[in-house]
Amino acid sequence: MRAARLIKMVLLLQSRPVMSAAELAAELEVSERTVTRDAQALSEAGVPVYAERGRAGGYRLIGGYRTRLTGLARNEAEALFLSGLPSALREMGLEDAASAARLKVSAALLPSVRDASASAAQRFHLDAPSWYHEPEPPDVLPAVADAVWDDRLLRARYRRGGGRGHGRSGENGWNGENGRNGTEVARELAPYGLVLKAGVWYLCAKAGDDFRVYRIDRFTSVEPADERFERDESFDLPAFWDARAAEFARSLLRTEVTVRVSESGARHLAFTGDRAAAATALSEAPPAGPDGWRTVVLPVESLDVAYSQLLSLGPELEVVAPEELRGRFAEAVERLSDLYR
């Protein structure tokens with residue numbers, strides 16, 4: 001356990017010029033006193049760890065010290081080769097760079113684990129796009145990816161969506177800009193990060209003072225600028241994406257319907273629309289009655305979307321309100337009855 005921690009400490013210090021005791025303690029999940037003891041143990045073992053005192057001090061490696069990757073175990077090496085999505089790298093134009101990096105890592109490994117790349121590839125394959133969706137990577141994606149890597153400003157023309165509420169495939173208006181459907185705007189963006197979600201690429205970028213999300217397939221043109229931007233080091237791409245995605249999902253649910261669901265219907269309700277909204281609605285619903293049915297107030301995107309989604313539950317769900325939606329279900333039932341009579 002301690003040996004693995006010492007190796008991780010060396011690798012952390014190799015990756016950064018200097019780290020404070022508090023930073024190392026947080027990364028290693030130990031106390032600062034343990035960090036001090038570990039640094040001393042590394043120094044006694046011949047690893048040149050140097051402690052700098054003062055407010056801006058910390059620990060660093062001196063003399064350009066580097067360790068080799070010969071200490072990787074087989075499971076660690078296999079996990080390393082699983083760390084990327086081959087299709088995503090290909091779409092961003094990074095397939096050759098990733099291949100070269102894998103070759104260099106393989107060359108540094110012990111002979112006993114050099115087959116880790118082939119071993120992992122034959123056991124696990126990551127396929128990002130959803131079913132029934134033929135991914136078409138946008139032509140501008142490699143140029144956007146290059147700008148993201150280089151922290152280079154991006155001059156782009158962007159085709160706005162049609163505003164919120166135009167269907168679940170929408171992401172319409174997600175970039176926070178109002179405008180008519182299909183209109184183009186010119187923007188200078190600081191591209192912070194790319195996200196691949198269900199086969200669709202998104203750019204998280206700073207426009208002016210605000211961070212926004214843009215669908216890559218809506219860029220009609222992009223031109224990396226000569227100047228670079230200074231990255232805000234406090235920006236956390238995974239946290240930003242999670243917050244914006246949750247906010248967007250909630251923004252779509254602008255109306256409510258009241259339904260009664262059987263036990264089977266309650267189990268399948270989460271698979272008809274927004275899972276989080278369905279789970280919350282069920283948790284807040286009163287207990288089931290003697291017949292086993294529950295009355296649930298469910299947030300939905302629109303009555304049209306609710307009709308298409310909830311109709312799939314068939315006789316396991318009854319619409320109570322609004323009357324407009326109940327009438328549409330009653331009409332659907334009559335038509336089905338005519339078909340099967």
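**Figure 1. The buried face of helix H13.** Leu325, Phe329 and Ala332 are the buried residues of helix H13. When the helix is viewed down its axis, these residues fall within an arc of 60 degrees, so they line one face of H13. The model shown here and in the following views is predicted. On the other side of H13, the residues Glu323, Glu324 and Glu334 are exposed. The buried residues pack against strand E8, helix H12 and strand E10. An α-helix has 3.6 residues a turn, so residues three or four places apart point the same way.

**Figure 2. The open sheet of strands E9, E8 and E10.** Three strands form an open sheet in the order E9-E8-E10, and their pairing is antiparallel. Strand E9 (294–300) and strand E10 (317–321) stand at the edges; each has a single partner strand, so one side of each is left without a neighbour in the sheet. From one strand to the next, the twist averages 35 degrees. Strand E8, residues 255–261, runs antiparallel to E9 and is joined to it by 7 bridges. One of the residues concerned is Val259, whose bridge partner in E9 is Val296.

**Figure 3. Helices H12 and H13 against the sheet.** Helix H12, formed by residues 303–310, lies across E8, E9 and E10 and runs at about 25 degrees to E8. Helix H13, formed by residues 323–340, also packs on the sheet, where it touches E8 and E10. The direction of H13 makes about 145 degrees with that of E10.

**Figure 4. Two aromatic pairs.** The structure holds 11 aromatic pairs, and two of them are described in this view. The ring centres of Phe211 and Phe235 are 4.7 Å apart and their planes stand at 20 degrees; planes under 30 degrees apart count as stacked, so this pair is stacked. Phe211 and Phe235 are both buried. Tyr307 and Phe329 form an edge-to-face pair, with 5.6 Å from centre to centre and 85 degrees between the planes. This pair, too, links distant parts of the chain, since Tyr307 belongs to helix H12 and Phe329 to helix H13, 22 residues apart. Tyr307 and Phe329 are both buried.

**Figure 5. A cluster of aromatic rings.** Ring pairs link Tyr192, Phe211, Phe229, Phe235 and Phe240 into a cluster. Phe240 is also one of the buried residues of helix H9, which is the subject of the next view.

Figure 6. Helix H9 has 16 residues and reaches 23 Å from its first C-alpha to its last, close to the 22 Å expected at 1.5 Å a residue. The buried residues of H9 are Phe240, Trp241, Phe248, Ser251 and Leu252. Around the axis they cover an arc of only 100 degrees, which puts them on the same side of H9. On the other side of this helix, Pro238, Asp242 and Arg250 are exposed. The buried residues are covered by elements that include strand E4 (184–197), strand E5 (200–207), E6 and E9.

**Figure 7. The surroundings of Gly57.** Gly57 lies in the loop between strand E1 (49–52) and strand E2 (58–61). Its relative accessible area is 15%, and buried means under 20%, so Gly57 is buried. Leaving aside neighbours within four places in sequence, Gly57 is in contact with Val18, Ser20 and Glu52. Gly57 and Ser20 are 37 residues apart in sequence, and their C-alpha atoms are 6.6 Å apart in space.

**Figure 8. The chain from which the views are taken.** The chain has 13 helices and 10 strands. Of its 341 residues, 37% are buried. Among contacts between residues at least 6 apart in sequence, 67% join residues at least 24 apart.

Conventions:
Residues are numbered from 1 along each chain as its sequence is written. This is a predicted model: local features need pLDDT of at least 70, side-chain atom pairs count only at pLDDT 80 or more; totals for chains, interfaces and linings use all residues. Side-chain values use heavy atoms; hydrogens and water are left out. Two strands pair if DSSP finds at least two bridges between them. Helices (H or I, at least four residues) and strands (E, at least two) are DSSP runs, numbered from the N terminus. Axes are lines fitted to C-alpha atoms, for helices over the stretch in contact, and angles run from 0 to 180 degrees between N-to-C directions. Contact means heavy atoms within 4.5 Å. Buried means under 20% relative accessible area, exposed over 50%, partly exposed in between (1.4 Å probe, protein chains only). The arc is that of the directions from the helix axis to the C-beta atoms. Rings of Phe, Tyr and Trp (its six-membered ring) pair if their centres lie within 6.5 Å; planes under 30 degrees apart count as stacked, over 60 as edge-to-face and the rest as tilted. The expected span of a helix is 1.5 Å times one less than its number of residues.
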